[in-house]
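Welcome! Take a moment to look over the structure below, and then we will walk through some of its features together.

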Amino acid sequence: MPTMTAPTPARIKVRPAAENDGRKDFISIRDFGFWYGDKKALDGMTLDIPERQVVAFIGPSGCGKSTLLRNLNRMNDLIDGVRHEGDILIKGRSIYDPGLEVISLRRRVGMVFQKSNPFPKSIFENVVYALRVVGVTDRGALEEACETSLRKAALWDEVKDRLDDNALGLSGGQMQRLCIARAIANRPEILLMDEPCSALDPIATGKIEELIHELKVQFTIVIVTHSMQQAARVSDRTAFFYLGKLVEYDTTEKIFMNPSQAQTEAYISGRFG
Amino acid sequence: MDDKVVTGTPPESRFQVARGTLLADVWMGRLIRLGGVGVIAAVIGMLLFLLWQVVPLFSGAEVTPQAAVALRPGAVGFGEDESGEVVYAAHPDGTLRFVKASDGSSVTDWSPPAGSPAVTAVRVQSREGQVLLGHADGSVSSVTVSFKVSFASDGRRSVEPEVKSEPPRQVGEKGRAVTEVWAVRATNTRLFVVRQASPRGSELRALRLAERRGLGGRAVVTPGEPFAIAPDVDDVGQVLVPSTADSVLVLLPGGEVRAYAGEGDRMDLIQSFRPFPGAGRAPSAAGLIFGDVSAVFLSAEGEQRVWAIHPVKQSDGRSLRRWGEVREPVRLPGPGAGVWAAAGNKCYLLAAGGELQLRNLTTGSVRWQGEAPPGSARQVVFSRNYDRMSALAADGSLRRWKIEDHHPDSSWSAFFGRIWYEGADGPAFVWQSSSGSDEFEAKYSLVPLIYGTVKGTFYALLFALPIALLAAVYVSQFLRPDLRLIVKPLMEVMASLPSVVLGFLAGLWLAPVVDANLVPLLCALAALAPAGLASGWIWSRLPQPVRRRARPGLEFLWLAPVVFLCVCAAWSLGPSVESALFTVTDPSGAQVSDFREWWRVSTGLAYDARNSLVVGFVMGFAVIPVVFTIAEDALSNVPAALTSGSLALGASRWQTVWRVVVPTAVSGIVSAVMIGFGRAVGETMIVVMATGNTAVMEANPFNGMRTLSANIAVELPEAPAGHTHFRALFLGACCLFLLTFILNTLAEVLRQRLRERYKVV
Ligand SMILES: Nc1ncnc2c1ncn2[C@@H]1O[C@H](COP(=O)(O)OP(=O)(O)O)[C@@H](O)[C@H]1O
Ligand SMILES: [Mg+2]
């Protein structure tokens, strides 16, 4: 269960480094810079994200965490007047490769948004949406995928009797878990989560954090969070951003116990941000 | 907490609310409420006004008995002046006694001139102002009764009868007394018919006079030779002489009716029929209805049957005017005793089983019913403007009724039912409110107009909805945002184009252009959709690097050459398509390649230049902007979170639109469609100007229609207020109101449900 006390460095419990640390780099971000129009939001980012680990992005508001996250599945392309430099590779292939369909990239890189955004459809239809757009029509396969995803998202027991109800009738925490279930239904390789718990109460937050632990076995997870305890609790590695630059990126343990940069130290001890 | 704390210390000024703020709040609230109530009241008021105009159409006649006029005993017929002030009774000896209707005081008496042969038969034809006297020597004299209205110096009205008699004409066989006499006058001819006793019973003889107006305006009368009608019939029963003066209906005692007709000095049997099927069932009463092409027969068993002359297709393809039964039989309260037609409309009074019924022949409606005075009436006379009827009762008294029936020819079935009008070959829905002729009967079926409204709306929406909705989807979801900022206001400008201008363009410019280039246009229309789809398919097969060349939001530019090519191809191939597919042999035997001719010949339907396609197309211009604007708003208002959620799940843009955006915006789209529908249903000027406005009932896209709204616009200025025509137009307005009201309500219910289902938190 999560604790709700104020974030003081002394009380932050850091998980021991995961045993699968040091896997080959799954996502590698190379000198990545990004502009919204004339405004540069990211500058010279370089970091590697290993497979099946949880990486947390932390930093004060507006430092570019979401921007980088949204670039990983090219959701930022939808915004007018954006521009990037550098490259992002997934399994060694650039996501900007002209021969790569952005749709297939997004099928591979799932995303959970800060504010839950279930479609105004039934719970079932929400979960199997990704399968429907791929073209799965077999009812049995859909039902099976629905159950698996909901179970993984720890929502099955709560909704199994009302799969045909409108998803908008769920509580806030349930909706967010539904969005997670929806994001993993087509079994992507990477799961991006942008402050998934920011609108949730502690109990729901706890459930989602547990969920992240379980999902790590299968997925590579990148999570943006405002809460340092959450970063400490769920992630294997943590990246600290400040004003569009990557300040420090290391194992979570290192960042929280012994940061090498003064800015990181100041941020996690609550002196600014 | 004690009261002192609450009431004692006044709140500090910064917590106080100014009186003005509170007052403004209260008054604005009231004002808004007033506005809302006002709008509802206005709508209800409008509906009530429409109903108030329409309700009189469905109320029957009001018939109130007036004081009876005492006549001298022994009257066999009567007549009256137009205002009903002076009544004259005809007596068996041919004397006419004029009395004041108000008090029965004598005005004057008239007797046949001295020396004329003894009178043996009298008939008063009050409407024509004619009294016919049959004489003992077989001759007939016609007496004209007219009334002169004069005003005395004190303003008092006085009505002076004037009687003129013609010398007797020999119609019957010389020396044999006339027992019954008829005379009718049509253009250029007069027909006299007499009945004379014969050894076997009675027989008919007739005389025709040809009248020609000479140069000086004086009538030149050429009498023909008297001739016999139905010489083979032993005993002639009741006789009906239509005012067309070309035929005679003879009812035989056995139940058979024979129609004799002919020109000159003969009449031949042209048809014989039995109004009541079954041997021995004879009419107990019969009468011709105004216009004299329909006859009502009553039977002793209490049944009414209506026969009329109408075109009947013969086996050789010709169509002849013959008598046929034109209405369902009607059960009456008792044995039929008499039928008397009103003047100037298709109403008639019938007596059956002690009851009087005032009925309308065309609609079959019972305008009024009441108790009949004891004994059967000898003669019933309706005033010319249908506001009074008088009956000469068997006891010699004259009973009078005041009639208030402003809409005798209206009824539910007249407006919404199939009606067999006189002269038509079958029942039909017809709207034809006016015509040049007086004999004309106005036809007020709203069904062709409702049909036209639905047809116009259908073609307009068929064209407008796909374009407006797809454009809304495209603009809101795919177009580059900066272009979108241009397109939306442009569409709104388009919405503000006055429909008169659109109608004008449609009727005077577009219709001829379409007419001249019909086949290329149809080819282009037919080719565009497949070409668009095909180019999309080809596009999706192109390698990714090529596709990347299309800037997002500007993909439509790639479609422009496709559209252009399509149109060019259609124009250049049009003539060959026309000659390959639409070649017909025209009436002169030549082969022509003309779609219009081909359409007429191969479908048997009409082709007009101003047709539904043109109207639909131009009405589309009025409908597209409203539908587009509202649908675009609804689609743009779908939260971006849903769109990005869908895209992040790996859905394509089209899948996102189709599976998420459209369902979420569906309630707004339904509203857009409904508003477009309302606009199309109510659209008036375009229809008025761009169609022929003929009230036909054909789904044919190549002819016009007349819509309820266009009908009101065209005819209301010439409909006299309070007249049936006027009220029928209001009934059309009611239908329009109801149509839109019902559809809007249904759409609103649907919209609420959809909103419930797809509501976004
Ligand atoms: N759609 C956008 N258009 C323009 N600027 C944006 C947009 N989204 C974010 N930014 C800017 O980019 C910077 C980084 O934003 P963001 O990545 O959302 O920060 P974080 O998620 O770390 O709070 C901020 O300064 C923000 O104002
Ligand atoms: Mg953010």
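Is F240(A) buried or exposed? With a relative accessibility of 0%, F240(A) counts as buried. Keep in mind as you read that this is a predicted model.

**The overall form of chain B**
- Chain B contains 17 helices and 35 strands.
- Its radius of gyration is 38 Å, well over the 27 Å that the globule rule gives for 761 residues, so chain B is more spread out than a compact globule.
- Along the principal axes, the C-alpha atoms of chain B fill a box of roughly 120 × 100 × 55 Å.

**Inside and surface of chain B**
- Of the 761 residues in chain B, 46% count as buried.
- The accessible surface of chain B is about 37300 Å², and 62% of that belongs to carbon and sulfur atoms.
- Chain B has 70 positive and 66 negative charges, and their mean positions are 7 Å apart.

**Aromatic rings**
- Over all chains, the count comes to 33 aromatic pairs.
- One of them is the stacked pair of F240(A) and Y267(A), with 4.9 Å centre to centre and 25° between the planes.
- F240(A) sits in strand 9 of chain A and Y267(A) in helix 11 of chain A, so this pair ties together parts that are 27 residues apart in sequence.
- Y267(A) counts as buried too, at 5% relative accessibility.
- F49(B) and F730(B) have ring centres 5.7 Å apart and planes at 75°, so they make an edge-to-face pair.
- That pair links helix 2 and helix 17 of chain B, with its residues 681 apart.
- F49(B) is partly exposed at 38% relative accessibility, whereas F730(B) is buried at 13%.

Conventions: Residues numbered from 1 in each chain as written. Chains lettered and ligands numbered in written order. Predicted model: local features only at pLDDT ≥ 70, side-chain atom pairs only at ≥ 80, totals over all residues. Heavy atoms only, no water. Helix = DSSP H or I, 4+ residues; strand = E, 2+ residues; numbered from the N terminus. Rg over C-alpha atoms; globule rule 2.2 N^0.38 Å. Buried < 20%, exposed > 50% of the residue type's maximum accessible area, 1.4 Å probe, protein only. Areas by Shrake-Rupley, 256 points an atom, 1.4 Å probe, with all protein chains shown as cover. Lys, Arg positive; Asp, Glu negative; His and termini not counted. Charge placed at Lys NZ, Arg CZ, Asp CG, Glu CD. Phe/Tyr/Trp six-rings, centres within 6.5 Å; stacked < 30°, edge-to-face > 60°.
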